[in-house]
Amino acid sequence: MASTAASAAASLTAGTPTVSSDIPTGGTTTGGTAVRVRGFTRSFGDVTVLRDLDLDIAPGEFVALLGRSGSGKTTLLRTLAGLDAAPAEQVSTPGARAVVFQEPRLLPWKRVWRNVTLGLKGGRGRAQAAAALEEVGLGHRVDAWPATLSGGEAQRAALARALVREPQLLLLDEPFAALDALTRLRMHQLVLSLWRAHQPAVLLVTHDVDEAIALADRILVLADGRLAVEERVTLARPREVGPEFQALRRRLLGHLGVEQPAPRDSAPLTFIPPAPPAAGIRRTWNRPAPVNGHGVPHNGANGAQTNGAQVAGGL
Ligand SMILES: Nc1ncnc2c1ncn2[C@@H]1O[C@H](COP(=O)(O)OP(=O)(O)OP(=O)(O)O)[C@@H](O)[C@H]1O
Ligand SMILES: [Mg+2]
């Protein structure tokens, strides 16, 4: 197992796609658990990144993993993917696993469908790739070259490549981080519909608190090498931003150590009369600037850290 994992890790380092056929079969999970980790520690030299970590993921469960940059999220994901060796008695996962990374990792010299079936043994070839590409809305790009795909299309092709492997465990490492906000929302809908249709257990690594709340059944925060926080998300999907969503967001941001402004609605509206009225200029309603704990006015428009993009920049 270790040598296979090492070769998979080497191919990853070289920038080539890593697909489930590269991934060695993990310890078989039993007893209604897709992922079972017990007392797992991972160190690089003197630095311990994961410390005595426990984790369970149920079959078909959608789990999001948050944590500051460098907290060890990718290290955990690589371990679950089998890209880094781990003792079978500490880490057990299903044999059928697939990973999607932040960058789509398509081979530019292979057509899209060949990228989708790359390394797949005993598959139905083009027809199977075409079906998976159809599912992610890329049925019309089966024979395209990767260089002609947009960022969102390339990431959908990467999802199709994961899909054809029929994973029981789908590992997603910030797969939408490089996409624009609108494409990211569409990808959220796509991932949810694929998850419902195929029902793999999912571990989504993200910096985006809103993304985690929108998608996951359960949200974990990795800190100091351990899963320090667990929040279950009981909101019905699709999840609108309402009071419960915002309360959960505030709690998670607090766990992540992100300073939060007072809720925007806490300051009453005041009318600032225009002086003197001039032609073509309309009256405006403004809020008084909120004041933070140091008596310094806080610019809510620029300083608020309540959406995913700002969180991503702040962690
Ligand atoms: N192969 C390696 N050799 C040495 N150190 C490593 C190696 N892989 C990861 N690390 C270190 O382990 C720590 C955790 O890295 P990891 O990539 O898991 O963090 P992360 O939580 O995914 O961060 P980010 O959110 O920035 O992607 C970092 O300090 C990183 O430098
Ligand atoms: Mg990472």
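Predicted model: local features only at pLDDT ≥ 70, side-chain atom pairs only at ≥ 80, totals over all residues.

Residues are numbered from 1 along each chain as its sequence is written, and chains are lettered from A and ligands numbered from 1 in the order in which they are written.

The largest nonpolar core has 67 residues; such a core is a set of buried Ala, Val, Leu, Ile, Met, Phe, Trp, Tyr and Cys residues joined through C-beta atoms within 7 Å. Buried means that 20 or more other C-beta atoms lie within 10 Å of the residue's own, with C-beta atoms placed from the backbone. Helix H5, residues 151–163, gives the most to this core, seven residues; helices here are DSSP runs (H or I) of at least four residues, numbered from the N terminus.

Leu-133 is among the residues with the most contacts inside the core. Beyond four places in sequence, Leu-133 touches residues including Trp-113, Val-142 and Ala-160, where contact means C-beta atoms, placed from the backbone, within 7 Å.

Next, the helix pair. Ala-132, Leu-133 and Glu-135 in H4 meet Ala-157, Ala-160 and Leu-163 in H5. By class, that contact has five nonpolar, no polar and one charged residues; nonpolar covers Ala, Val, Leu, Ile, Met, Phe, Trp, Tyr, Cys and Pro, charged covers Asp, Glu, Lys and Arg, and the others, Gly among them, are polar.

Last, where is Pro-200 found? Pro-200 sits in the loop between helix H6 (181–198) and strand E7 (201–205), a strand being a DSSP run (E) of at least two residues. Pro-200 is buried, with 26 other C-beta atoms within 10 Å. The C-alpha atoms of Pro-200 and Pro-59 are separated by 6.6 Å, although the two are 141 residues apart along the chain.

Terms used:
Buried ≥ 20, exposed ≤ 12 C-beta atoms within 10 Å, placed from the backbone. Contact = placed C-beta atoms within 7 Å.
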